[in-house]
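Me: I would like to go through a few features of a model and learn how to read each one. Please give the general idea before the case.

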Amino acid sequence: MTYPQPLTPARPAYLVDGAVYSPLYEDVYRSAAGGLAETRHVFLGGNDLPDRWRSCRRFVIVETGFGAGLNFLATWAAWRHSVPPGARLHYLSAEKHPFGSDDLAQVTAAWPELASLASELREQYPPLVPGFHRLHFDACGVTLTLMFGDALNMLRQVDARADAFYLDGFAPAKNPEMWTQGVLGELARLARSHATVATYTVAGSVRSGLAAAGFSVARREGFGLKREMLVGRYAGPAKAEPDETLRTEALVVGAGLAGTSCAAQLASRGWQVQIVERLGAPAQEASGNPAGLVMPAFSVDWNPATRLTVPSFVYAVQWLDALTRGADAPIWQQTGVLQLARDHEHLERQRRIIEAFALPDDLVRLVSAEEGAALCGRAVAGPGWWLRSSGWADPAAVCRANLVGGGDRVRRRFNSSAAQLRRVGDDWEVLDPSGALLGRAPVVILANAHAACALPGCESLALTPIRGQVSFVPQPSGPELATPVCRDGFIAPAAGGVCCLGASYDAVGDAAPPRESDHAANLERLERLLPGFGTGLDPAGLRGRVGFRTVTPDRLPLVGRLPLPDGQGLFACLGLASRGLT
């Protein structure tokens, strides 16, 4: 992946006839009249939709040029009225210059018959940061993956089998980068056998480019003043088709944040899932801490950790909001998070990151010590970042809500320790230490942190347990802490009059009860965050909790199919370290 460039948002302008115009490309997004009819004629009609998807269980569309989302909204509306229950639409769209949320609302107001769908889109619309952003609608029946960045760079990272393509960039003469042979070649790579393509342009370079990429193309009657449009079908070498007969059953080992999230996601897609947990309830280990922060991590070079955690954070907020809507009590609090700079050099680094990537204020901005104090309600040790859309959650409550959300599709088996994996035919069997069968499924997901290394065949997994101790400190007299504050440690607002403070980081620690020395170290961290907040507290009198984070050598999670002999169907979600909630 190339170094991502900061996003330059689209700024809509309007011509005298009402057409939405891009000053950047000197071209229109959509005609003043008939925009929706044009979308239906060119992109849905050009791909023979909705007829082609009426009997499909899954349909995948890839688009170049999201714009204000008209093609997506029109496709979503048609999908709702023409597919059987349980069918899933995946819609992937690349956009180098996305609209901001307010501008999106202004532009989509021109299509009143799509108003309710446009409102749902705006509710989940991500902040303008580079990368992949996944949005779910209609109980996960419709999934929109927005790819904010250069089309070629984003498409190169996609692993999909597309049934149809919408080519809707600005005119080739105005925006040639969207129509290069590289972009068209990526579409051919993603195409299923006999995938279709449609676009409004019949430019010779587009016709020849699609043909060179392996598409047969033809002209068709255009819309309105455009006499012709272009349609095509992939005619290249035959491709292996997705296995539609896969048994959608899985067994997940571990009932912490990783395991319950995997189970909930699979259940939302219609899978039957069994969770096996060695202890008597979910979230009894590292996921059992009473508070954890939900926040992105930024870097000067937009490194792999940033590329993962920023869109993951945006997705986590959606997921936690949905869990909270279905719960009796709040599961997470979007209070904002104050991240203090360690020193002047670190503060300047924070400033450079914001400027280099044009990060929006609703995601992060710099604040002085005085403004930080006003935001969190207590005196703070210095300036830093204000992460307005961040917050904190109760990890155990998230785990329980994940299981509840999975409904009867998720079966739970507690007090059952997974000790062996055995391949039997096309299935995996999970056995306890005595050899008794705990469960059997074609897919097994290891989500049991460093305990996965104890399973035969998994000893080579590079996972290290890190002991972390949190301390519980009483909320002192005076204003209550309104937001979490963090730097080399963190403190969360009080729940039941007690704040969660932490955490130690000990690569050689054991599972002993909380240690007074770690309470003392946590109080030192507190003083570097909120001077005077812990005055008079005796480490010997504090309560706390010990959990073990699991880290990999590069501090990135280990997620996906395990590269082990005979590992077909064996997956992992491990090594979430200190960012399990994000």
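Reply: Cys573 is buried, at 13% relative accessible area; buried means under 20%, exposed over 50% and partly exposed in between (1.4 Å probe, protein chains only). This is a predicted model, where local features need pLDDT of at least 70, side-chain atom pairs count only at pLDDT 80 or more, and totals for chains, interfaces and linings use all residues. Residues are numbered from 1 along each chain as its sequence is written, and side-chain values use heavy atoms, without hydrogens and water.

Me: How many disulfides does a search of the whole structure find?

Reply: A disulfide is a pair of cysteine sulfur atoms within 2.5 Å. The search finds zero. Cys486 is in none, as its nearest cysteine sulfur, in Cys376, is 11 Å away.

Me: Where is Asn47, and which residues is it in contact with?

Reply: Helices (H or I, at least four residues) and strands (E, at least two) are DSSP runs, numbered from the N terminus. Asn47 lies in the loop between α1 (35–44) and β4 (58–64). Contact means heavy atoms within 4.5 Å. Beyond neighbours within four places in sequence, Asn47 touches residues including Val42, Arg52, Phe165 and Thr196. Its relative accessible area is 0%, so Asn47 is buried.

Me: Is Gln272 buried or partly exposed?

Reply: Gln272, in strand β13 (residues 272–276), is partly exposed at 36%.
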